[in-house]
Amino acid sequence: MVLALSLLAVTLSAAPAAPPSGRALNTQGFRLYQSGRYAQALEKFQEAARAAPDYALAHYNAAATLGVLRKQGKVCEYSAHRDVIVEKLATAVRLDPRRLQRAKEDRDLDVIRDTLGWQKLLGRTPEKESDVPALLRAVSWYGPGVGVYGTTRALRFQDGGRVELWKKDVDDSGTPHESRLPGTYTVQGRTVEVKLPGSAPVTGTLGEGGALTFPEPLGAFTDSPSECDA
């Protein structure tokens, strides 16, 4: 009997330890977050979400921590892109709709307030024509990027029919020069007409997929800036 107990003890001691649960990993991440170790916290939150895919809080905390890292300028290092943050937050809200109310008050998520993804969580969508005017004003619109220079033009629609075109021109020496050009705009259905000083009016469309498209040279805009391109 003593031998049998000894063998059982050896067997139990040799058995591998059970992996930490999603909740345990999330708790570890929260402690790291509280101590300002955001990169390590993100790793734990992501591990928690993988360990427990239906655990809304883990997805939410990963989104919020990515928001902090984005504010710190560590976008490329930790893939803290706006669409990634929105995706993780949307997953959390789908699993637990109460997360949306918390997100509305969470300063860590301020970096996505001007995205289509956040507006969709609030119930506004480009698929509804009646939402187009509000979406134009709420979202920051970015044109395509040029390598390491990133986005070279952006549009911000404001109240009162005002719009501003931001541009980044790169000279022959590779030096970027920024400029801002104020103008006006009108909206009818999905059609958006922009008038800028010294140029003829340009008419574009906000499609159901969320792309804002004008003829060149204004071109196409989305809610995602060009980042981390070599």
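Reader: How many salt bridges does a search of the whole structure find?
Author: This is a predicted model, where local features need pLDDT of at least 70, side-chain atom pairs count only at pLDDT 80 or more, and totals for chains, interfaces and linings use all residues. Residues are numbered from 1 along each chain as its sequence is written, and side-chain values use heavy atoms, with hydrogens and water left out. A salt bridge puts a side-chain nitrogen of Lys or Arg within 4 Å of a carboxyl oxygen of Asp or Glu. The search of the whole structure finds 10.

Reader: Which residue forms a salt bridge with Glu 164?
Author: Glu 164 lies in strand S3 (residues 162–170), and its partner lies in strand S4 (residues 176–188), so the pair ties together parts 16 residues apart in sequence. Strands here are DSSP runs of E, at least two residues, numbered from the N terminus. The closest N and O atoms are 3.2 Å apart, and the partner is Arg 180.

Reader: Is Arg 190 buried or exposed?
Author: Arg 190 meets Glu 208 in a salt bridge, 3.9 Å from N to O. Buried means under 20% relative accessible area, exposed over 50%, partly exposed in between (1.4 Å probe, protein chains only). Glu 208 has 51% relative accessibility, so Glu 208 counts as exposed. Arg 190 has 15%, so Arg 190 counts as buried.

Reader: Which strands stand at the edges of the sheet?
Author: The open sheet has 8 strands in the order S1-S2-S3-S4-S5-S6-S7-S8, with antiparallel pairing. Two strands pair if DSSP finds at least two bridges between them. Each edge strand has a single partner strand, so one side is left without a neighbour in the sheet: these are S1 (141–142) and S8 (220–221).

Notes: Helix = DSSP H or I, 4+ residues; strand = E, 2+ residues; numbered from the N terminus.
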